[in-house]
Amino acid sequence: MEHDPAGYVGAVLSAVLSFGLAAYMWKVRVIITTDVERVSIALSPGLRQVFRWDEVVSATAVHIGMGSGIGYRMTGPGMRVILASPGAGVRFRLHDGREISVATDRRDELIELARRRAPDLQ
């Protein structure tokens, strides 16, 4: 019986890539930091969205499903979804028309912060 070295290498590479992707997905998380002036939403270890509270016109409770996919998605002109796991979230609409949605267990806290810090909140 003859072994195919290319097939073996392909199977090993496939297993390594699958394991690496699973490890990355396990480690992905959304990091939200706020201060008196701004909000920063980062998808570790990379992409970041930063905006000021005075840019926010609405902060709405939403549910973000898995259909959005894990990661950072641009779903339309000026519309972004930042997601590490599906669930309850908040959608911020800004003066310039951008919408930024993030699934987070801090939804109520972020909406309350917007009520206190965003002067033009609707």
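The elements that cover the buried residues of helix α2 include strands β1 (30-34), β4 and β7, where contact means heavy atoms within 4.5 Å. Helices (H or I, at least four residues) and strands (E, at least two) are DSSP runs, numbered from the N terminus. The structure is a predicted model, in which local features need pLDDT of at least 70 and side-chain atom pairs count only at pLDDT 80 or more, while totals for chains, interfaces and linings use all residues. Residues are numbered from 1 along each chain as its sequence is written, and side-chain values use heavy atoms, with hydrogens and water left out.

Helix α2 spans residues 107-117, and its buried residues are Leu110, Ile111, Leu113 and Ala114; buried means under 20% relative accessible area, exposed over 50% and partly exposed in between (1.4 Å probe, protein chains only). An α-helix has 3.6 residues a turn, so residues three or four places apart point the same way. The face of α2 turned away from the buried side carries the exposed residues Asp108, Arg115 and Arg116.

Rings of Phe, Tyr and Trp (its six-membered ring) pair if their centres lie within 6.5 Å; planes under 30 degrees apart count as stacked, over 60 as edge-to-face and the rest as tilted. By this rule there are two aromatic pairs. The rings of Phe51 and Phe92 have centres 5.1 Å apart and planes at 55°, so this pair is tilted. Because Phe51 lies in strand β3 (residues 48-52) and Phe92 in strand β7 (residues 87-94), the pair ties together parts that are 41 residues apart in sequence. Phe51 is buried, with a relative accessible area of 1%, and Phe92 is buried, at 0%.

Trp53 and Phe92 form an edge-to-face pair, at 6.3 Å centre to centre and 70° between the planes. This pair links distant parts of the chain, with Trp53 in the loop between β3 and β4 (56-64) and Phe92 in β7, 39 residues apart. Trp53 counts as buried, at 1% relative accessibility. Phe51, Trp53 and Phe92 form one aromatic cluster.

Strands β5 (residues 71-76) and β6 (residues 79-83) run antiparallel and are joined by five bridges; two strands pair if DSSP finds at least two bridges between them. Met74 stands opposite Arg80 in β6. Two residues lie between the strands of this hairpin, in which Gly78 takes a positive phi near 75°.
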